[in-house]
Amino acid sequence: MLNIIKTATKESLFYKLPTLVGDILIQVGVLVFLLYGTDMVRENNLRLYEQQGSWFLLVISAIASSWILGIKINERERGPVNIANRAIMDAAVTFILYNGLMALIYELVLQGKLLGLQAVLTGFLYALWHLLVRKFIRWYRSKGANNYTVVLVGSDPNILQVCQSLNGPDSELGYDVLGMFTSHPDEIPEGVTNLGLPERAIQYVEDNHALLKEVYCSLNPATETAFVNRLVAVCENRMVRFTYVPDMEGYPKRKMNISQLGSVNVISLHEEPLNKPLAKFIKRGGDIVFSGLFLLTLFPFIWLVCAIGIKLSSPGPVFFKQKRTGYEGKEFWCYKFRSMHASADSDTKQAVLGDSRVFPFGKFLRRSSIDELPQFLNVIRGDMSVVGPRPHMLHHTDIYSELIGDYMIRHLAKPGITGWAQVNGCRGETKELSEMKDRVEKDIWYIEHWSVELDISIILTTLWQLVRHKDEKAY
């Protein structure tokens, strides 16, 4: 236990504390720049900002934000997008806490342009700073420091795959495979030490527990009951984590959920974070706020311009509505700005490159994805979410549900205006079945890995892609 406490203390000292100090310096630096490097601050407000209590509130807000969200910058499986998203959220929480407290305690009159610049600068600098710290951590670990030491016990293909993952090209994540206990030494991956037969694992843990963090074991507890129980007991008594690698051969390779039914462990084939009441509340609340603000501000002007362009280009309604497959397979009317001439095959045929049904203004709407904006009405109605798997035509649902075994799983979440598949290039026409399979796999991944951070990442990536106009399938 002492070893784990020391490790946690070191990580806090070398990674988390410097990150927090950097965050505070960024907040102070940005505020100093705004106060004295610009003419944006009113004289009455300047006196309030210069109060000693103001700076104290700023530091407290930064510390409170880090405590609320937690500094996860040292966690090995987090990628750069996740790190940047968390940094921006950290900056946003600090921003809200600080300005809220200033308005409440000092009766500060908030200035829109000043607050906007403060939010943008702190968010950008937080993301940059956290990514730099993360890069340093990965470099530090690639040199052999701060490694997470593990051993593996077993001989089946699953444990070999675990070994290859931990000892593979992402070794800078900091995993150090000390060796493998197996009855098939000829199958041990190159560079991994053969520690002997599985029976030697118990003595090894007893002798090396001070250096060892975790044991991965794939031995079947039904046939090796006494040995596995003894190994688990030795690991737990010496504060070494024990992870069982079950033989799930034949089952889908995806994130699953383990729970208990009475005293029996059961495994469901899908992890569904969005199935939890709190997650549903957060996602629905975010959808309503985000969509409501858009519909009340920008949408009326966009609708006016689009209505004029559509009416001048093609006779017919401004909006196009089509039945799509939604949450849990239920049908709903999906709205878009009309971008095509009326046709009999609109409910069965996808738009293709050079499609004669698309009129010139409609081509602009599709290339810019403006045609999708009326779907914020669907979000308010509760049929859709801002982020989720894109809704498909009923005709396509009928076809692909027969051709792709897990196709209908994508309907375990509300369909979205944008989604994980879309920001990863899976949008537009699907010429080959493999293209739809790839889209479905990404939709399922999103459902199994949902988080607020992931939704924010998808929204920001979507906006960036729209600015760049790089999507070749938007036709």
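**A close look at the aromatic rings**

Modeller: Happy to. Let's start with Phe319, which is partly exposed, with a relative accessible area of 28%. Please keep in mind that this is a predicted model. The ring partner of Phe319 is Phe337, and the two are stacked, with 5.5 Å from centre to centre and 10 degrees between the planes. Phe319 belongs to strand β8 (residues 319–325) and Phe337 to strand β9 (residues 331–337), so this pair ties together parts that are 18 residues apart in sequence.

Lys321 places its charged end over the ring of Trp333, 4.5 Å from the ring centre. Strand β8 covers residues 319–325 and strand β9 covers residues 331–337.

The structure holds nine aromatic pairs. One of them joins Phe294 and Phe376: their ring centres are 4.6 Å apart and their planes are at 40 degrees, so this pair is tilted. Planes under 30 degrees apart would count as stacked and those over 60 as edge-to-face, which is how the 10 degrees of Phe319 and Phe337 gives a stacked pair. Phe294 sits in helix α9 (residues 277–297) and Phe376 in helix α12 (residues 375–381), so the pair ties together parts that are 82 residues apart in sequence. Phe294 and Phe376 are both buried.

Most residues other than glycine have a negative phi. Glu107, although not a glycine, has a positive phi of about 55 degrees. You will find Glu107 in the loop between α4 (80–105) and α5 (112–142), where it is exposed, with a relative accessible area of 65%. Met239 is not a glycine either, and its phi is positive at about 55 degrees. Met239 lies in the loop between α8 (225–237) and β5 (241–244), and it is partly exposed, with a relative accessible area of 35%.

Technical notes. Residues are numbered from 1 along each chain as its sequence is written. This is a predicted model: local features need pLDDT of at least 70, side-chain atom pairs count only at pLDDT 80 or more; totals for chains, interfaces and linings use all residues. Side-chain values use heavy atoms; hydrogens and water are left out. Helices (H or I, at least four residues) and strands (E, at least two) are DSSP runs, numbered from the N terminus. Buried means under 20% relative accessible area, exposed over 50%, partly exposed in between (1.4 Å probe, protein chains only). Rings of Phe, Tyr and Trp (its six-membered ring) pair if their centres lie within 6.5 Å; planes under 30 degrees apart count as stacked, over 60 as edge-to-face and the rest as tilted. A charge sits over a ring if NZ of Lys or CZ of Arg is within 6 Å of the ring centre and within 35 degrees of the ring normal.
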